[in-house]
Amino acid sequence: MRTDDFWAVIDRATAERPASPAEVAERAVAELATRDPEEIVAWARHLDRVMVASGTEDLWAAAYLINSGADEAGFDAFRGWLIAHGRKAVAAAVQKPDVLANVVVIKQAADTGAVFEADEVLGIAARAYEQATGGELPAGDGARTRPEVGDLWDFDNEDEMRRRLPKLSALFLEPPE
């Protein structure tokens, strides 16, 4: 499956701006479930590649800051939320995670404490495959989709957070004394 084909499914699912990533997931599942099982598997493998490409240390730090913490599952769910916002959003956030400080709902989250997660987006292919075939989606190659926790810089180090993610830090961290 080509990259454009993968993102076209997400684009169609976000048409008319659905209310939530859950609705994006429902729409994408409905579309994929009508396709040949091989296409669904190809879509799943492309999702795996998106997860690998977005599994950067600084994006994880951004998720940690925005969501007041993010373990491995939380980082994956954050990227599910990001994928539900489309190709441009993912590309911009992977290239420079600090751009997330410009997103209106993230700015608001500094006051509201909202958390951005969408596990349902990560399960699109599995649900579509099950609907289409009655079976389980074949396992992928098991590529590592995020850094090892032990290899991460200390996300609780506010000075380092301010250096790497100055705009997000200005929103989510107390001013330095």
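Author: Buried means under 20% relative accessible area, exposed means over 50%, and partly exposed lies in between, with a 1.4 Å probe and protein chains only. This is a predicted model, in which local features need pLDDT of at least 70 and side-chain atom pairs count only at pLDDT 80 or more, while totals for chains, interfaces and linings use all residues. Residues are numbered from 1 along each chain as its sequence is written, and side-chain values use heavy atoms, with hydrogens and water left out.

Reader: Why is Thr14 called buried?

Author: Thr14 has a relative accessible area of 12%, and buried means under 20%, so Thr14 is called buried. Thr14 lies in the loop between helix H1 (3-13) and helix H2 (21-32), helices being DSSP runs of H or I with at least four residues, numbered from the N terminus.

Reader: What does Thr14 touch, not counting residues up to four places away in sequence?

Author: Thr14 touches Val24, Arg27 and Ala84, where contact means heavy atoms within 4.5 Å.

Reader: Why is Gly142 called exposed?

Author: The relative accessible area of Gly142 is 67%, and exposed means over 50%, so Gly142 is called exposed. Gly142 is placed in the loop between helix H9 (124-133) and helix H10 (158-164), and its C-alpha atom is separated by 8.7 Å from that of Asp48, 94 residues apart along the chain.

How values were computed:
Helix = DSSP H or I, 4+ residues; strand = E, 2+ residues; numbered from the N terminus.
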